[in-house]
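Here's a quick briefing on a single protein chain. Have a look at the model first, then read on.

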Amino acid sequence: MATKDLRFFEHPEAERLPDGHPRRGMSVVAALSEWLIHTNRRINGAWSQRYEYGVPVTGLVPVAADGTTGTCVRFLPDEALRSRWSSTASDLARWSEHWPDLTVRVDDQRDGRDRPGS
C-alpha cells in the first residue's frame with residue numbers, strides 16, 4: 001500500500017476523478033494514515049488487512065461472511081493532516097455525490113476512543 005498504484009501514476013491518459021483531480025489509488029491514503037483497515041467482501045470469501053503508514057502489519061485475515069459484497073476502507077489520517085485540514089460531514093457528502101454507489105459514513109472519533117486496532 002505504500003507504493004504508487006501504477007495503474008494511475010505517470011499515465012496522463014488515466015481517468016480523472018469527478019472533481020478533476022488525477023487518480024492516485026488507495027496507496028496514497030494508506031501512506032498518509034496512521035492506520036488503515038481494508039476489508040474486501042466477495043461472494044466466495046472475505047478478508048481484511050491492517051496497514052500503518054502504508055505498511056501491512058497483519059496478513060490477510062479471513063472475515064465472516066455477512067451476505068454482502070464490496071469494499072470498506074477505514075483510516076485515521078496522520079496527525080499533521082488532521083491538524084491542518086478539517087472536513088465536515090457535508091463536505092464528504094458533497095464529494096461523494098459523484099459516485100452514486102458509494103456510501104460514506106463519518107465516525108468522528110477525535111476524542112480518541114474506540115480506534116480500530118489501537
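Predicted model: local features only at pLDDT ≥ 70, side-chain atom pairs only at ≥ 80, totals over all residues.

Residues are numbered from 1 along each chain as its sequence is written, and side-chain values use heavy atoms, with hydrogens and water left out.

**Overall make-up**

- The chain has 3 helices and 5 strands; these are DSSP runs numbered from the N terminus, with helices being H or I of at least four residues and strands E of at least two.
- Reading from the N terminus, the order of elements is α-β-β-β-β-β-α-α.
- Of the 118 residues in the chain, 20% are buried (buried means under 20% relative accessible area, exposed over 50%, partly exposed in between, with a 1.4 Å probe and protein chains only).
- Take the contacts between residues at least 6 apart in sequence: 46% of them join residues at least 24 apart (a contact means heavy atoms within 4.5 Å).

**Strand pairing**

- Strand 1 (residues 33–42) and strand 2 (residues 45–52) run antiparallel and are joined by 7 bridges (strands pair if DSSP finds at least two bridges between them).
- These two strands make a hairpin, with 2 residues between them.
- Within this pair, His-38 sits opposite Gln-49 of strand 2.
- Strand 2 also pairs with strand 4 (residues 61–62), again antiparallel, through 2 bridges, and here Trp-47 stands opposite Pro-62.
- Strand 3 (residues 55–56) is another antiparallel partner of strand 2, over 2 bridges; Glu-52 has Val-55 in strand 3 as its bridge partner.

**The turn at Tyr-53**

- Strand 2 and strand 3 form a hairpin with 2 residues between them, and Tyr-53 lies in the loop that links these strands.
- What is the phi of Tyr-53? The angle is near 50°, a positive value in a residue other than glycine.
- Tyr-53 has a relative accessible area of 40%, so this residue counts as partly exposed.

**Asn-40 in strand 1**

- Asn-40 belongs to strand 1 and counts as buried because its relative accessibility is 11%.
- Leaving out residues up to four places away in sequence, Asn-40 touches Gly-45, Ala-46, Trp-47, Gly-70 and Thr-71.

**Arg-41 in strand 1**

- Arg-41 is also part of strand 1, and its relative accessibility is 18%, so Arg-41 counts as buried.
- Which backbone oxygen does the side chain of Arg-41 reach? The oxygen is that of Ala-64, at 2.9 Å.
- Beyond residues up to four places away in sequence, Arg-41 touches several residues, including Ala-46, Val-63, Ala-64, Asp-66 and Gly-70.

Terms used: Polar contact = N/O pair within 3.5 Å; in protein donor to acceptor, adjacent residues only side chain to side chain.
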